[in-house]
Amino acid sequence: MAAITGQQYIERIDGLDANIWFDGKRVVGKISEHPAFKGVMKTQAALYEMQHNAALKDVLTFQSPTTGDRVGLSFLQPVTKEELIRKRLMVQKWATLNNGLMGRSPDYMNTVLMALASSADLLKNEENCFPEHLLAYFEYARENDISLTHTFIEPQVNRRSFHVENEDEIIAARVVDRKSAGLVIKGARLLATQGGTTDELLVLSSAAGLDEAKGFGFAIPSNTKGLKFICRESFVGGDSAFDHPLSSRFEEMDCVVVFDDVVVPWERVFYYDNVDVANSIMSASSFKAFTMHQVQSRQIVKIEFFLGVVQSIVGSINIGEHQHVQQKVAEVIIALETMKALLFKAEAEARLDEFGYMRPDQMTLQIASNITPQIFPRFAEIIQQLGASGLMAIPSEKTYQSEVRDDMNHYLQSFLDEGEDRVRKFRLAWDLSMSSFGSRQTLYERFFFGDPVRLACSLYQNYDKGSYVKMVERFLSKD
């Protein structure tokens with residue numbers, strides 16, 4: 001089939017009729033027309049449609065190694081630094097459509113699957129592992145431009161280090177039976193972003209502990225019998241792009257995924273009953289390196305957007321002469337250029353891995369992933385500090401369609417803008433930093449790769465500090 005169009009994406013998801021629950025009711029009818037999902041699905045469709053822009057063909061697609069068709073470039077398994085750079089440019093071209101605000105645009109999960117398939121040899125000769133299933137699924141997803149979401153983590157029931165769940169009261173998803181038709185999964189998992197608006201669901205247990213029943217990896221269609229997506233409250237503020245310029249377009253729903261004795265066909269099982277593989281697959285494979293490369297590429301576009309919003313506030317109300325303002329804007333500039341430098345360094349220091357693929361330098365990207373939990377909350381704070389009361393004096397679009405429009409244009413004008421244009425800018429800043437959508441964005445980036453403290457500890461434990469200690473020892477040993 002090759003790279004799909006936006007309309008094909010919409011029709012496929014509508015045709016699934018997946019079991020999605022929102023606000024206590026099952027979603028019926030076309031999900032692409034539901035208020036909580038239609039904005040992000042329209043944006044997602046626009047991403048797929050870009051693949052058919054003749055001017056972007058070589059930026060967004062490449063020739064399939066098996067069929068010769070044009071397929072999404074995010075599926076490309078890079079073997080040269082030039083191909084790694086192509087992947088970054090592809091991610092950033094797509095990210096410009098949503099200003100980097102969609103963390104689960106299709107290229108993220110395509111990258112996840114590509115990374116796992118590129119490390120499929122890790123499953124060879126391992127008990128209850130099927131590398132051939134993983135490779136076949138990767139090819140299927142690539143050739144059919146399958147959209148995916150995933151669920152990697154368990155519900156927050158008891159976060160003690162050695163908590164053992166009561167098997168008589170299943171909460172976290174686990175294997176409860178093994179039949180000729182496949183594995184039987186029961187329980188729940190978190191946190192499927194865009195749950196129900198993708199073709200399929202990838203499920204990887206990355207922290208099985210000592211429980212073999214939790215050591216699994218598989219992929220299934222979103223409308224598989226017994227599978228439910230239970231949504232949180234929608235953060236779409238409304239349809240108006242004036243009132244809610246971001247949430248009306250880019251709000252990605254997050255879901256709890258419930259497995260009610262879901263049967264996973266054996267050909268869709270990548271591994272099961274293997275805690276060693278489940279506990280090591282993320283770190284031993286190229287998963288972290290390639291996904292961090294994709295994420296940082298997107299986040300750079302997002303930082304650029306933040307910088308644009310911050311400077312728009314500064315220019316609108318003419319506060320750029322103040323040193324504290326310049327210092328705050330400089331913080332965003334420094335973060336942007338630092339993240340760019342780290343990404344370029346990771347590409348420059350990329351090396352062919354043991355599987356023959358060009359893997360970006362993981363340590364460099366790990367450093368970047370320790371920076372982002374700090375900078376995105378700070379960006380939101382900077383917007384609030386600079387916008388101040390202007391972020392509350394933001395009347396709605398209907399106000400500017402009423403008889404008080406002239407009053408609002410006069411009294412809410414700024415140095416640079418008429419009242420309506422100024423309010424439009426400040427509503428954008430509010431939606432990015434203060435609305436429920438904006439708050440979710442901050443939380444999302446704060447914990448994208450996990451607890452920031454654990455990220456810092458991992459960096460401390462894995463970074464080679466020995467050569468610098470020896471430098472000190474050599475200095476102290478001199479007479």
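In this predicted model, helix α2 meets helix α4 through Thr 43, Ala 46, Leu 47, Tyr 48 and Met 50 on the α2 side and Lys 93, Trp 94, Leu 97 and Asn 98 on the α4 side. Contact here means heavy atoms within 4.5 Å, and helices (H or I, at least four residues) and strands (E, at least two) are DSSP runs numbered from the N terminus. Sorted by class, the contact of α2 with α4 has six nonpolar, two polar and one charged residues. For that sorting, Ala, Val, Leu, Ile, Met, Phe, Trp, Tyr, Cys and Pro count as nonpolar, Asp, Glu, Lys and Arg as charged, and the others, Gly among them, as polar. Two packed helices are described by the angle between their axes and the distance between the axes. For α2 and α4 (residues 81-98), the axes come within 10 Å and cross at roughly 145°. Axes are lines fitted to C-alpha atoms, for helices over the stretch in contact, and angles run from 0 to 180 degrees between N-to-C directions. The crossing of α2 and α4 is right-handed; a crossing gets that label if the near helix is turned clockwise from the far one by less than a right angle, and left-handed if anticlockwise.

As for the ground rules, residues are numbered from 1 along each chain as its sequence is written, and side-chain values use heavy atoms, with hydrogens and water left out. Since the model is predicted, local features need pLDDT of at least 70 and side-chain atom pairs count only at pLDDT 80 or more, while totals for chains, interfaces and linings use all residues.

Helix α2 turns up again at a pocket. The second largest pocket holds about 230 Å³ of space, and 14 residues line it, with Lys 38, Gly 39, Lys 42, Ser 248 and Arg 249 the closest to its centre. Both α2 (38-50) and α7 (247-250) supply at least two residues of this lining, and the largest share, five residues, comes from α2. The lining of this pocket has six nonpolar, four polar and four charged residues. On a 1 Å grid over the protein atoms alone, a pocket is an open set of points with protein on both sides within 12 Å along at least five of seven lines, whereas a cavity is a set of points where a 1.4 Å probe fits but cannot get out; lining residues have an atom within 4 Å of a point. Grid points are joined across faces, edges and corners, and a volume is the space filled by probe spheres set on the points.

The largest cavity has a volume of about 80 Å³ and is lined by Ile 13, Asp 14, Asp 17, Ala 18, Ile 20, Val 27, Gly 29, Ile 31 and Gly 196. That makes five nonpolar, two polar and two charged residues. The second largest cavity, at about 50 Å³, has a lining that includes Leu 84, Lys 87, Thr 111 and Phe 290. Here α4 and α9 (287-317) each bring at least two residues.

Parallel strands β5 and β8 (residues 200-204) are joined by four bridges, and Leu 148 stands opposite Glu 200.

Nine bridges join β7 (residues 182-193) to the antiparallel strand β11 (residues 254-265); Ile 185 stands opposite Val 262, and Ala 188 opposite Val 258. Strand β10 (residues 227-231) also runs antiparallel to β11, with five bridges, and Phe 229 has Val 257 as its bridge partner.

Strand β7 contains Leu 191, which a cis peptide bond joins to Leu 190, with omega about -5°. In the loop between β7 and β8 lies Gln 194, whose phi is near 65°, a positive value in a residue other than glycine.

Conventions:
Two strands pair if DSSP finds at least two bridges between them.
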